Amino acid sequence: MVIIAGTALLIVSFLGLFGQGEIQGANINYTPYIGPNVTPFTGNVVIYPNGTFTPGAPLSKSGDKYTLTSEIVGSLTDMFNGAIINGNGYMINGTGKVAFYLDNAGNVRISNLSVMDACKGFDLYYVYNVSMENLGFQGKIKCGIYIDYANNVEIENSLVNGTSSFGILSQYAHNLEINNDILSNNYEGMYLVGSNDAVVKNSVFNDSRYYGFLDLNSNNLFVNNVTFLHNYESLFVCYSSHADIEDIKVSNGTYPVYFSSDSNFSLSNSSITVNQDYTYIDQSQNGKIANSYFSKSEDCIIHLYKSTGIDLINDSMNQTTDCSDISLSESSVIAYNSTFKSVDYAVYADGGSFSAYSSYFNSSRDVFFIRDGASIHLTGDIIEESNTTYMPFTTNGFFGSITVNNSKIEAPKGGDSYAFYMYESKYSQKSGQISLNNDVFNNFAYDVYIYDFPLDSLAINGTSFYNSNIPIYSLCGALKVTVTNNRLYNNSQCMVYIENAASFNISDNRVLGSLRCDAFTVYDTFSYSEVENNFVNNSELYAMYFYCTNDIYVSGNTINSSDVGIYFEYSHGSYISDNSIENSKYGIYLCCYSHGAIYNDIIDASHYGIYLYESYVNQIYGNILNHDNDSLYTCYPYNDTFFANTIENTSVALYLYDDFSTYDNCFVTIYHNNFINFSSVEIASGSFAFWDISPPIGGNYWSNYTGTGVNGIGSTPEIVNGSNIDYYPLTHRWIFSTVTFIEKGLPNGSEWGITADYKNMVGTGNIVYQETNGQFMNVTFTPDHVAGYVPVKTNFTLDLRDNNMVVYVFYKPYNYTVSFTETGLTSGTTWSIDLNGDILSSSSDTITFSVPNGTYNYSIAEVRGYNMTVSSGHVTVKSSSPSVAVTFSETRYALTFTEKGLPAGMIWYVSINGQNLSSSSNSLTFYEVNGNYSYAVYAPSGYTVANSTGQHTISYSSANVSLTFTSSQVKPKISNSNLYIGLGGGAVVGLVVGSLATMALIRRRSPGKGKS
């Protein structure tokens, strides 16, 4: 009994190696029976299909129960259905061959048995409904338990240890359950090949020299409450689908969890800690990692390569080494309610995309490192750190896009920190878009910093910036910049700095707090851009500074208490309109500014209202300057025109210096202005202006003019200063002419427009035109085309000397095409579409309707023998011609094969046109389109079928084929070459490393043989 006592000692010693808490989920209760000294039986013992067994074998039989009465040196083979084998704590010494062989039997229970020195400890071949418990292993074992083409096998309360190849190997088995077992110190703990519906729970895998648990090409794996300890690769799932891993603990190994070429997998409620390398997701799709904790990997925590549809839900990443939490390459990941802490990058993205919702990020280095076309999308997240140097978003080379919505990003106070850092890209191609929406940034030196980086676009909307030097800095960076509806508080330098942008829009922003620099600064932009409806308060220098810019529209802004409200230098072709500027030293300051316009602005209580220095060919009109010391101040003008302005309650209404001796042809034209309640007009010696235009246009209105006149023009001139004389002063304040355009025929709320000779007006409802240039008495107006509609009358020419005109503009609908294009029908098949009651049919692949803008319901008529993915819906025509794809597929009908004659649970096969199905029930079903089908039926070992081949026709209905199996005397042999049917070439290569020593072990056998 030395061997049995040794087994007990081995198990007790093994369990004593681990302290409480390290091995969880396994509770091995196997205790070998220590009986009287009995001489071992030498030889091979067989339990035959009829229930008899080898004469003289150490077995006692009671009904279907067999109990060992001594050790066996040789083997035990069971071929009896329903056998209950109790090892009684004894050992089978396989002497290098198979110790226990179960062949073509079912409803078998094996317990309390140990094996040693075997090629295979337990060999299960074509079996079903097998229960194994309290098993032990010692000595030289190649494979502990080998399962081949089996159904419903359960192994529990066993210790499988010390094998040189596999602890448990299962190939092409169904419904395998491993429960409460320990697989220890094997080359590979457990290996599944093509085994579906396997369950592994409450067990321990430790000290595997290669794989702890490998699943290859299987479906529906469930792993629960399993501990992996000290394995090289703890859990490897490859070429499988629907693997659900939960409540596992993996520690002190190399690779903890590895999903390769898998689909629809999950890892949940697990703990992955203190491993050398990362959890790896390789070329897989539709995976979920949930409610799990990861920490202390010597490499990144999770690495993803060419994987898509991966979700992280309520996970916690805590990387304490100098590496990232998540590293992804050409993969897509979405994190929900997860936590990422790292001393390096939280996310390293090398291609692919990472999205996060309501997650938390905290990294000592950069939070996101982005390169090679990768994209980052955040919604409702928090990013923060306590270190002094901090860069949440950093790039190297081009990237796809960065989107941050409703998130809070906060840096430590002080330090040279950046939220977005894009600096000197070495790539010539344009790269990436950044979009920030409704976020909060706090305590960064630079929130968004772009320098010499070829960004496609930068869009910042609804975001708040606190306590920054420069919140938005874009130098030689974005082609298009949009900064709208943001709030900027207590920032110490420039709020928005843009240089070399192709175009930009800065609108609806609020800038508050004391500044030591400009609120908005723009350099070197040369295409249409807008600065609109912003509010700036307490800017110590320039509220808006523009240098070397063209085609800038500055409109609708409110500026209060700045040194300079709006400043342009070396710029042309820009327009400043409808702004309100108060309490500033300079309201609008233009230096070397040309071919632009300043109109409809209100400037109040500034030292200089509008200050122009060396301005050329500009129009200044419709402005109101009130309570200014110097309302209009101009030096060296050239062909500027001042008209329709109101200068009121001021000291110096206008200051003019043109210096003919220095500049040739310096002059301005000044007419239709209202000069009210002013102290003086100052004109430098030698300066000259044109103060009127011949009637009926006239000159200016002077509140101190005392003359009378006819048709609104005074009869005596107004002496302005010396030779500066207004010969046709107005007797009443100048008021703009107005025309109200009312559209008819467009849907309510539609935007439409009308273009005059020199301007375009757009609006919803009525459009009111005011003549701002009194020189135009007759103006032609052209209604714009509106998507889906055309104007009935194409233009109107109006005499603007009549005030308060009303003009109706009528529109009529424009028709667009709606196309339906089908795929899937046999050529020449007729099909039909009903679009809002209009029915059209066709035998081609396209049906086309002509309709105006609107939403239309459609339905597709049934076509016999075909299914449709969508049979009805609606399509919206909105100034375009939409196309709808219609997909037909041939209807598939059930072709069911029903068998009789086989025992319950036995597997049988049918092949149709290369498609193979198997079943362990009495029927299986193919789904096929109309046609003729040849079939072949494959009987299981020991059976034949009469109508093994045949043909059947499917014609618009399902069909049934009946099969009858009969028992035969000869069992079929199975070729060795089929072992790896179904394995991909890549999977086989990957397994060669761990399995070369055992290839002979897992070869296929003929039934009833394979004893070695």
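This is a short chat about a predicted model of one chain.

Me: Contacts next. Take residues at least 6 apart in sequence. What share of their contacts joins residues at least 24 apart?
Reply: That share is 44% for this chain.

Me: Switching to aromatics. How many aromatic pairs turn up in the whole structure?
Reply: The search finds 80. One of them joins Phe-205 and Phe-213. Their centres are 5.8 Å apart, with 25° between the planes.

Me: What does that make the pair of Phe-205 and Phe-213, stacked or edge-to-face?
Reply: The pair is stacked, because its 25° angle falls under the 30 degrees cut-off.

Me: Now Phe-361 and Phe-368. Why is that pair called tilted?
Reply: The planes of Phe-361 and Phe-368 sit at 55°, so the pair is tilted. Stacked needs under 30 degrees, and edge-to-face needs over 60. The ring centres of Phe-361 and Phe-368 are 5.0 Å apart.

Me: Buried or exposed, Phe-361 and Phe-368?
Reply: Phe-361 is buried, and Phe-368 is too.

Me: Charges over rings, then. Which ring does the charged end of Lys-120 sit over?
Reply: Lys-120 has its charged end over the ring of Tyr-146. The distance to the ring centre is 4.8 Å.

Me: And Arg-864? Where does its charged end sit?
Reply: Over the ring of Tyr-956, 3.8 Å from the ring centre.

Me: Backbone now. What is the phi of Asp-508?
Reply: Asp-508 has a positive phi, about 60°, and is not a glycine.

Me: Where is Asp-508 found?
Reply: Asp-508 lies in the loop between strand E53 (503-507) and strand E54 (510-512).

Me: Why does Asp-508 count as partly exposed?
Reply: Because its relative accessible area is 37%. Buried is under 20% and exposed is over 50%, so 37% falls in between.

Me: Last one, Cys-548. What is its phi, and where is Cys-548 found?
Reply: The phi of Cys-548 is positive, about 55°, and Cys-548 is not a glycine either. Cys-548 is in strand E58, residues 542-549.

Methods: Residues numbered from 1 in each chain as written. Predicted model: local features only at pLDDT ≥ 70, side-chain atom pairs only at ≥ 80, totals over all residues. Heavy atoms only, no water. Phe/Tyr/Trp six-rings, centres within 6.5 Å; stacked < 30°, edge-to-face > 60°. Buried < 20%, exposed > 50% of the residue type's maximum accessible area, 1.4 Å probe, protein only. Lys NZ or Arg CZ within 6 Å of the ring centre and 35° of its normal. Contact = heavy atoms within 4.5 Å. Helix = DSSP H or I, 4+ residues; strand = E, 2+ residues; numbered from the N terminus.
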